[in-house]
Amino acid sequence: MAHEDVLAQTLVKEILRLVDGKLRFMEVCGTHTVSIFRSGIRSLLPKGLELISGPGCPVCVTPVGEIDRAIALTRLKEVTLLTFGDLMRVPGASSSLSYERALGRDIRVITSPLDALKIAVGAQNRKIVLFAVGFETTSPAIAATVKEARRREIHNLYLLSSQRLIPPAIKTLLSSGKANVDGLLLPGHVSVIIGKAPYSFIARDFSLMGVITGFEPLDILEGICMLLRQKAQGRSEIENQYRRAVKDQGNRLALQIMEEVFQPVIARWRGLGKIPDSGLTLREEFEDMDAAKVFDLPLEDKEDPPGCCCGEVLQGLKSPPDCPLFGKRCTPDDPIGPCMVSSEGSCGAFYTYGVLQ
Amino acid sequence: MKQDRILLAHGAGGKLTHDLVEKLFLPSLDNEILASLDDSAIIPTERARLAFTTDSYVVKPLFFPGGDIGRLSVCGTVNDLAMSGARPLGISTSFILEEGFPTQDLERVVSSIKEAALEAGVMVVAGDTKVVEHGAAEGLFITTSGVGLVPDGVDIRGSRARPGDIVIINGPIGDHEIGVLLARGEFSLKGTIVSDCAPLNGIVQAMLTACGDIHVLRDPTRGGLATVLWEIANASQVGVIIDEDKVTVRQEVRGVCDLLGFDPLYLANEGKLVAFVPQDEARGVLETMRADPLGRESVVIGRVVDDNPGKVLLRTKIGGHRLLEPLSGEQIPRIC
């Protein structure tokens with residue numbers, strides 16, 4: 001592993017050489033946040049260069065109202081709710097899925113949306129609802145699950161969609177003018193699906209630079225170098241560091257199946273408010289699988305928990321330790337805000353991977 | 001969130017488990033021996049010091065590559081005794097069976113209890129059986145308790161780490177948790193990872209022959225290596241520095257971790273031990289460990305320092321550093 005060490009040192013030297021004055025780069029994606037903490041990248045960067053976490057944690061941006069809608073569904077006797085593990089402990093207004101499960105509700109953790117097909121086939125007398133949270137990375141697999149259920153005439157599988165799209169959130173964040181960032185490390189996995197073009201507004205409309213970046217520590221160091229080089233040369237472009245996985249045009253097949261099954265809708269993001277065309281809902285021809293419609297569960301707009309700074313943390317306006325609840329009333333074991341729950345949430349990462357001051 | 005119900009997380013070994021012990025159990029049951037909260041209770045008698053421990057096993061699935069609930073229930077208890085340096089004298093096994101459980105499976109479990117006990121050189125000296133209604137338990141739960149004798153002069157405790165001590169582990173981490181995880185078949189992943197489940201009393205006795213003054217021994221089970229190191233740094237109020245480079249993780253285990261977002265430092269092991277030994281005895285202990293079948297891959301992973309008492313500093317592979325904190329809030333499947 002000495003090899004990795006030497007390459008890292010070379011990149012860090014280059015970063016030290018290029019840094020000029022104070023700079024703030026946002027890593028949009030939670031997977032980046034975790035990798036940065038785990039590998040100790042922050043400890044290698046010069047003081048003037050600040051990395052801040054963005055809104056790219058799907059569980060974190062899911063608003064209270066949507067958690068409560070899922071909880072309401074589990075109280076229907078005929079319903080089995082399938083969810084990804086991270087969502088279990090996200091607090092709703094007065095309960096969480098994990099608390100509801102302790103009361104005996106039928107809630108199961110799955111790791112792949114395709115598991116839903118097997119479960120639905122095996123439990124014909126139950127109504128199986130897949131609570132789908134995620135970005136462009138997971139949406140193609142969820143779309144494939146929906147199509148497959150239709151093809152195999154599985155009639156007891158429904159989708160409760162809380163899916164989100166990344167580019168509209170970045171646009172809203174930058175438009176607000178509050179984020180105060182000099183450049184963006186753009187998410188690798190999302191970009192595998194959507195490619196480079198959807199980010200072009202970042203350079204065009206905001207004169208900011210962005211680099212699509214992989215998740216290994218060396219990828220991230222190189223991504224930072226590329227941003228610094230653009231800065232030094234006075235460029236504002238979208239570049240691709242993660243060329244081994246991301247093609248400029250993205251994954252056409254995946255985009256096609258998403259397009260076939262879902263359509264963009266206005267959606268609320270925790271911290272960012274309502275953003276046009278930033279959510280995904282089932283198209284009309286799949287409406288009979290839309291749990292929100294079939295079970296007639298209206299979505300209530302609810303306030304975030306008082307005192308919780310997740311909203312500001314997600315916009316890069318606050319660092320987790322700035323929140324009065326951080327590490328005191330809000331811990332990964334007993335979280336108040338979702339940023340502390342998810343393994344990709346920045347509060348959770350700050351708490352788990354403490355940095356020696 | 002409301003605290004009026006027991007959640008799965010109360011059993012995960014993190015802060016909620018800790019709270020349950022501190023706020024619910026200890027206020028009623030506290031005494032000098034229990035309060036030390038070590039893996040084994042050390043009961044002083046006129047003629048000898050007895051080590052006593054108990055543990056329940058609810059692993060799912062019951063059978064996994066490298067072991068089953070029977071083997072696990074013997075090794076877990078023997079290892080808790082061994083981590084105090086005690087020689088196990090005898091263990092008890094208590095079965096809670098669900099109505100309808102296949103007799104053949106029970107025979108299989110009992111036969112691996114027999115084998116593991118033979119391997120550890122310990123007798124099963126007491127037992128109990130209860131059967132509950134269908135649905136009241138998932139197949140089979142086992143509780144084992146064990147009694148051991150702590151040899152004269154041996155004083156191994158979490159609070160005895162001293163600056164200068166060398167930190168040694170007897171092999172790669174994470175095999176048990178990932179092996180069991182894959183055996184559950186929930187991740188559509190296939191692998192050849194085998195649980196490291198093994199009785200460690202033999203290697204511990206060999207280590208004690210090489211160095212009678214081992215300061216700390218811990219088996220990094222639930223919560224993994226990171227949690228155990230943090231507990232020791234805290235109990236001893238010393239700093240610990242670990243080199244990420246030196247901690248071995250099998251490639252397959254690392255691959256699964258990358259895929260699922262796990263950190264190998266928090267994965268459970270059932271046949272690993274971490275030893276804190278005085279610097280000038282480290283070489284001898286390491287050689288002894290490497291001569292044992294359960295210690296062939298033993299390595300020095302770090303050292304104890306004066307700085308930053310109560311903290312564990314990890315030097316990362318790319319030359320950065322970060323603190324290792326105890327496991328908190330993860331939803332872990334039943335692995336022990």
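Where in chain B is the place of B:Q237? In this predicted model, B:Q237 sits in the loop between helix 7 (224-236) and strand 10 (239-243) of chain B.

Let's look at its backbone. Most residues other than glycine have a negative phi, and most peptide bonds are trans. B:Q237 has a positive phi, near 50°, though it is a residue other than glycine. Is B:Q237 buried or exposed? B:Q237 has 10 other C-beta atoms within 10 Å, so it counts as exposed.

Chain A has a case of its own. The phi of A:D277 is positive too, near 50°, and A:D277 is a residue other than glycine. A:D277 belongs to strand 11 (residues 273-282) of chain A. Because A:D277 has 14 C-beta neighbours inside 10 Å, it counts as partly exposed.

Here are the two side by side:

| Residue | Phi |
|---|---|
| A:D277 | near 50° |
| B:Q237 | near 50° |

Back in chain B, there's a peptide bond to check out. B:K60 and B:P61 are joined by a cis peptide bond, with omega at about 0°. You'll find B:P61 in the loop between strand 2 (49-57) and strand 3 (63-64) of chain B.

Now for how the chains meet. In chain A, 34 residues are in contact with 30 residues of chain B. On the chain A side, the elements giving two or more residues are helix 1 (2-18), helix 2 (30-38), helix 5 (97-102) and helix 16 (346-352). Helix 1 of chain A gives the most to that side, with four residues. Sorted by class, the side of chain A that touches chain B has 16 nonpolar, 13 polar and five charged residues.

Technical notes: Residues are numbered from 1 along each chain as its sequence is written. Chains are lettered from A and ligands numbered from 1 in the order in which they are written. This is a predicted model: local features need pLDDT of at least 70, side-chain atom pairs count only at pLDDT 80 or more; totals for chains, interfaces and linings use all residues. A residue is buried if 20 or more other C-beta atoms lie within 10 Å of its own, exposed if 12 or fewer, and partly exposed in between; C-beta atoms are placed from the backbone. Two residues are in contact if their C-beta atoms, placed from the backbone, lie within 7 Å. Ala, Val, Leu, Ile, Met, Phe, Trp, Tyr, Cys and Pro count as nonpolar, Asp, Glu, Lys and Arg as charged, and the others, Gly among them, as polar.
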